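This report is to be read alongside the sequence and the coordinates shown below.

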Amino acid sequence: VPPEIVGMLEALPLAALVLLLMPKRPVGLVRVRLGHLSAGRRRWLFEPPRGWGATRTSGRQRVLAEALRAFEIGVPLYVVARFAEERAAHAKLEARERWANSQEALFGRHVVGQLSEAELAAQLLSRGLPLPAKKAVAPKVEPYRLASLDWWLKVQALAEERARTTSVANGDAVGPPEAAPDDAAEEPVGPDELDEPAIPAPPSTPAEPPTYLGISIVGRIEIRHDGKDLASELLRKPVLAFMWLYLLLRWLTASKDRVPRPDFAEELTPGMSREKQGTRLRNRLSNIGNGALPASLATRVDDDGESVKLDLSRCSVDLLRLEELAAECLAKEGMLSLELAADAARLLDATAGELLPGWEQLENSVTGGRGAAGVFVRALRVRAESARITLMGALAANHLARQQPGQAIPLLEQALERQPDRDDLARKLRMAYLQTDQLTRAAELQKTYDLDG
Amino acid sequence: MGNSAARPIRLVAWSVLVVAAAGGLGLIAGRVALVGNVLAQAWLPLLAAVIAVVGIGFAVGAAFPWPTRGPREPTDPEPLLAEPSVPAIAKLPAVFSLRALEPLAGSTTLAFNLGVRAAASGAVQGRRLRPICLLQAGDLTAALGLSPEPLASYIAGRPVSVADDIVDVAVRHPTGCELLCLGRDTLDGHWLRMLVPRLRKFYDLIVIDCPTDDRWLRHVAVDVSDVVLLVGLPTLESAKAAADEADAAWELRSSHRFVEVTNREKAGPGARGGLWSGLSQRSAIPNDPLVAESDRQGLPWSLTFESHAAWAAAELLERLLPSLMGREVASAA
């Protein structure tokens, strides 16, 4: 036998030993893996042996799978791995036992319906664990008291009826009876409503010349002219009221722009054919011109055949007044004159509530809510809200400057309630709390808004 | 090593190499007397050593039987996950948002399961946590029976302010976690800015699954969150998006609040071991078939013992909210 062959045969055990001892895969992170195994964070040093987890595995398959693993990672590492894996398996078993009694397992069983709510509560209580959180509930807050349109019209009709009856009883001269409202007397109004002074007195407003049109749309709808409120008369005719108020919205949104007739017609009768829309609009506009609306409202509608616009010269609108006053007060940056502060407080009271209350009801009855007018209303509501909050902030700053933190607090709380992202208001409120020794509230506010100490 | 084709090739290659080296040694032994003498004297002990090593290996293999597999335990190779490095949120109520780095990255299921797990495991001042999750509408929310309609109607009705009654829109999950479903384009940045302070009044933890297609909303979500989890898959697309986000975070000087989360991390040669975005804080959730199965049924996988993802999510939550999550979380998993 050639000596080379003998040498090769003698070297084979060495080769076999090297192959058995040497890992034949990257083992750079083996320490980390062993650590995870010891901690029970994983089950296997590398991957599971082939066939593990199968429903049926023969002993021969297992031996082959293990032999392959041992050969791949080298016998020393295999031995270490098997010890560590055995330890991990024990840790897993223990964890499983602990898990079965854990709160997470109870919740898991509850979620899949194996435990009822009551059973879960009983199990948690028996372990001295807190019960699941209940549904968050909003505190009940008194909503704005806004009269619905129907209610308002009914009460107006009753008030007029009562006034006529009283004047007849007193022997006053009675004019020709006015036309009954279209739908005002459809439903009887309860005696309670008759006995009570149901109509709230309108808030006092700055004096204005009688020829002016005084339009209030924030918190209520009121159109004053020569001492009379024309709003109820307008709102009795929903379609015409919708048209007039829509033109008002457009004027407030962009005062210089006229509304093209096709746009107006589409808004009034959405979804109809162009011709029908045009005819309807023409008829309605001629109704306005023929005395269906009070003259002081009808003459404001400026129709040139191509487009329509509301002429609002010589009129005052509370929204614009609100915005002007808010800007004026904000510019003072602190203390306001007594007159200005009184004006601001009066206007805040007068405009408490939503812009054009009952608009959605009116829009639904006329267009089924399919038009785009709601967009203008929403935009104006944002403007009104923003102006009111600015005014509240300015009034509060005035109170703080006059060392009246107690009067500033409700204003700031209300403003912050409506616009919670205003850190500047939160700072002022915290200052007011501190000045009135409400330290807990100040601390809570500081925490909530992450204010600087 | 998950690649079944590469494994035998590698083993055979090693074997051939070593046997060839032994053959070479044998050739040298035939010509160099010293080497020949050593081999002649050593082959018997070497053979004995081989037998001993095989015997030890066999004995150890036979001594420890295979552990029993759990009823739903996955058989996939377990990836090697580093411990999550995430910032701890100290102040309460805590707010964190999740943002998917690519479609179907799993931010919604992760948000839901983190919220549920927090509700089941967390406690504050002796009472259980009340989290709320804002989840994007999708298959999971449909399986949970949630609709984006209530929130959309609420927002349409109150475009300028959020009142306390927003909590009436949220739906309570049996665990106590509350859920709000966000439709596409339901929420804008302004509204989210108003919403979060309001939710802080009622909830201990706010989890926002942030829609990614609205840049303004993303910015606001970063502003209002204590921590932002960038959830990506171990893919090139996610890695690129993560790198962009990391750049943006550095520009905003808020990278300390960003965490890279690699979802469905797999073991094997294709594993990237993270997204390599450059963010110093990272975490990983392993690939787990239980996740998809649970999502289809609208069930939280985070409350399943067998789920590898549940274990990682619990660990992530414990790091994020150390003051709220007891140690029982980690030990139980």
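The sections that follow treat chain B, its sheet, the strands of chain A and a surface patch.

## Overall composition of chain B

The structure is a predicted model. Chain B contains eleven helices and ten strands. Of its 333 residues, 56% count as buried. The chain exposes about 13700 Å², and carbon and sulfur atoms supply 60% of that area.

Sequence separation was also examined for the contacts in chain B. Among those with a separation of 6 or more, 74% involve residues 24 or more positions apart.

## The sheet of chain B

Eight strands of chain B form an open sheet in the order 5-6-4-7-1-8-9-10, and their pairing is mixed.

Ala94(B) stands opposite Leu205(B), a residue of strand 7 of chain B. Helix 6 (residues 189–200) of chain B packs on the sheet, where it touches strand 1, strand 4 (131–136) and strand 7 of chain B. The direction of helix 6 of chain B makes about 155° with that of strand 7 of chain B.

## Two hairpins in chain A

In chain A, strand 1 (residues 213–216) pairs with strand 2 (residues 222–225) in the antiparallel sense, over four bridges. One of the paired positions is Leu213(A), whose bridge partner in strand 2 of chain A is His225(A). These two strands form a hairpin with five residues between them, and Gly219(A) in the turn has a positive phi of about 85°.

Strand 2 of chain A is also joined by two bridges to strand 3 (residues 228–229) of chain A, and this pair runs antiparallel. Here the bridge partner of His225(A) is Lys228(A), in strand 3 of chain A. The hairpin of strands 2 and 3 of chain A has two residues between the strands, and Asp226(A) takes a positive phi near 55°.

## A nonpolar patch with residues from both chains

Ile5(A), Leu9(A), Leu12(A) and Val19(B) make a nonpolar surface patch of about 330 Å². Helix 1 (residues 3–21) of chain A provides the largest share of the patch, three residues.

Leu9(A) lies in helix 1 of chain A. Its relative accessible area is 54%, and Leu9(A) is therefore exposed, the cut-off being over 50%.

Technical notes: Residues are numbered from 1 along each chain as its sequence is written. Chains are lettered from A and ligands numbered from 1 in the order in which they are written. This is a predicted model: local features need pLDDT of at least 70, side-chain atom pairs count only at pLDDT 80 or more; totals for chains, interfaces and linings use all residues. Side-chain values use heavy atoms; hydrogens and water are left out. Two strands pair if DSSP finds at least two bridges between them. Contact means heavy atoms within 4.5 Å. Axes are lines fitted to C-alpha atoms, for helices over the stretch in contact, and angles run from 0 to 180 degrees between N-to-C directions. Patches are made of residues with over 30% relative accessible area and no salt bridge: like charges are joined within 9 Å, nonpolar side chains (Val, Leu, Ile, Met, Phe, Trp, Tyr) within 5 Å. Accessible areas come from the Shrake-Rupley method with a 1.4 Å probe; for residues, only the protein chains shown count as cover. A salt bridge is a side-chain nitrogen of Lys or Arg within 4 Å of a carboxyl oxygen of Asp or Glu. Buried means under 20% relative accessible area, exposed over 50%, partly exposed in between (1.4 Å probe, protein chains only).
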